[in-house]
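Dear colleague,

Please find below the structure that I am handing over to you. My findings follow it, and I would be grateful if you read them with the structure in view.

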Amino acid sequence: MTAPHATTGQHAPDSRYAWWRLGASLALSTLGGIGLWSAVIVLPKIQTEFGIDRGGASLAYTATMIGFAVGGVLMGRLADRHGIVVPLRLAAVMLGVGYIVASMAEAYWQFLAAQALLIGMLGSSATFGALVADVSHWFARRRGIAVAIVASGNYLAGTVWPPAVQYVTETYDWRTAYICIGVVCLATMLPLTFALRQRPLVEGWDETGGPAARGAAPIQMPGSPAFRQALLVLAGVACCVAMSMPQVHLVAYCGDLGYGPARGAEMLSIMLGLGVVSRIASGFIADKIGGVGTLILGSTLQCLALIFYLPFDGLTSLYIVSGIFGLAQGGIVPSYALIVRDYFPAREAGARVSLVFMATVIGMAFGGWLSGEIYDLTGSYQAAFLNGIAWNLLNMAIALWFVLGRLQHRARLAQ
């Protein structure tokens, strides 16, 4: 184990301990990420058992995402005050209790309440924004890749959990599957939290107020911290309204073009798979050009991919464009955590990162609905793609504003 930091009595940033901690954080993110996928996996069974239509059954996912968004901010604040272990242990218990309670639901509203409050708000929410912010305290030179790795946990959850949950559901039933999920979360997440008991001495690492071990003060920008936070929230909504267009509607779009939903599902799988690749790659890039530079790069490429969807609607070209879109969008969301660390005090990272991540969730939900409404009004997805491009341009404009502020900051330091 690497020796403690010379001046703080803590392990140094980028130490061997930091990397071990990163591994535990990724495992917790992957385990806790089941909350975002379980309702989707058992949706047909839920629809049949409770005698509801497809739209009603889909409310379970919506309720979970709303709870996840709100809970992210609450857990971020809790982590800032008491350390990451407190919200993570609460999450482990709530996921265990939530899935067992949901498995006993006799009415659909009971199932919805368990999904929204126990699984989404008090459970999975702690394993995303707050956990990403915590990891950012333990890295300086490799902060970009560390943040990207932990932020990939929810993608990995969507890869690892569904086959197992589907197997138990088909072999037994969805209630048994939910009980198994609850037991696994309790049995694995609680022991993993002991690896994260040590708290970073943020003020010790950031004695000059800036990123750990770099000795630079937070970048000063025009306007108040609240204004800068509001801009980041708007940027998070804007990028994910644009991002949601192909992710939510690609399968339906392929059906409209006559290629069938199976082709659309293949394209979506390729897009999300390459999203994992791009998320990790963006971490390496961020360590070279910073969070704002990574945001501009990802947002620009995402905008170009959306533009490519307009003229290229052949089967082969759609596969290619969807792959390009996946490679473009993966690094956008993690870049916000790096921007927060550069432009705000480290001790506020949990709440501020979680707030921006909440905005991205809202953007995905709003964008998916808005694209459907635009399709209903126009009869095609062309206007919906144009709408996504417009929101993407707004995101790019906000990112450029932060770049200009950074340049002005450097100019002042050089004087």
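Leaving aside its neighbours within four places in sequence, which residues is Leu268 in contact with? In this predicted model, the residues are Gln247, Leu250 and Val251. Leu268 itself belongs to helix H13, which covers residues 261-309. From Leu268 to Ala349 there are 81 residues in sequence, and their C-alpha atoms lie 33 Å apart in space.

Before going further, a word on confidence is in order. The protein has a mean pLDDT of 86, with 91% of its residues at 70 or more. Confidence is highest in helix H5 (residues 85-103), where the mean is 97, and lowest in helix H11 (residues 202-205), where the mean is 45. Below 50 lies the pLDDT of residues 203-216, a stretch with 38 contacts in the model beyond near neighbours in sequence. Residues 1-9 also have a pLDDT under 50, and the model gives them 20 contacts beyond four places in sequence.

Not counting residues up to four places away in sequence, Tyr336 touches several residues, among them Leu232, Cys239, Leu295 and Phe357.

The last topic is charge. Side chains of opposite charge can pair when their charged atoms come close. The count of salt bridges comes to five, and three of them are described here.

- Arg21 and Asp134 meet through their side chains, at 3.2 Å from N to O. Arg21 is in helix H1 (residues 16-32) and Asp134 in helix H7 (residues 129-136), so that distant parts of the chain, 113 residues apart, are linked. Both Arg21 and Asp134 are buried.
- Glu170 pairs with Lys45, with 3.9 Å between the closest N and O atoms. Because Glu170 lies in helix H9 (residues 153-171) and Lys45 in helix H3 (residues 43-50), the pair ties together parts 125 residues apart in sequence. Glu170 is partly exposed, at a relative accessible area of 49%, and Lys45 is partly exposed at 35%.
- Arg175 pairs with Glu49, the closest N and O atoms being 2.5 Å apart. This pair links helix H10 (residues 174-193), which holds Arg175, with helix H3, which holds Glu49. Arg175 counts as partly exposed at 22% relative accessibility, and Glu49 is partly exposed at 40%.

With kind regards

How values were computed:
Residues numbered from 1 in each chain as written. Predicted model: local features only at pLDDT ≥ 70, side-chain atom pairs only at ≥ 80, totals over all residues. Heavy atoms only, no water. pLDDT = per-residue confidence, 0-100. Helix = DSSP H or I, 4+ residues; strand = E, 2+ residues; numbered from the N terminus. Contact = heavy atoms within 4.5 Å. Salt bridge = Lys/Arg side-chain N within 4 Å of Asp/Glu carboxyl O. Buried < 20%, exposed > 50% of the residue type's maximum accessible area, 1.4 Å probe, protein only.
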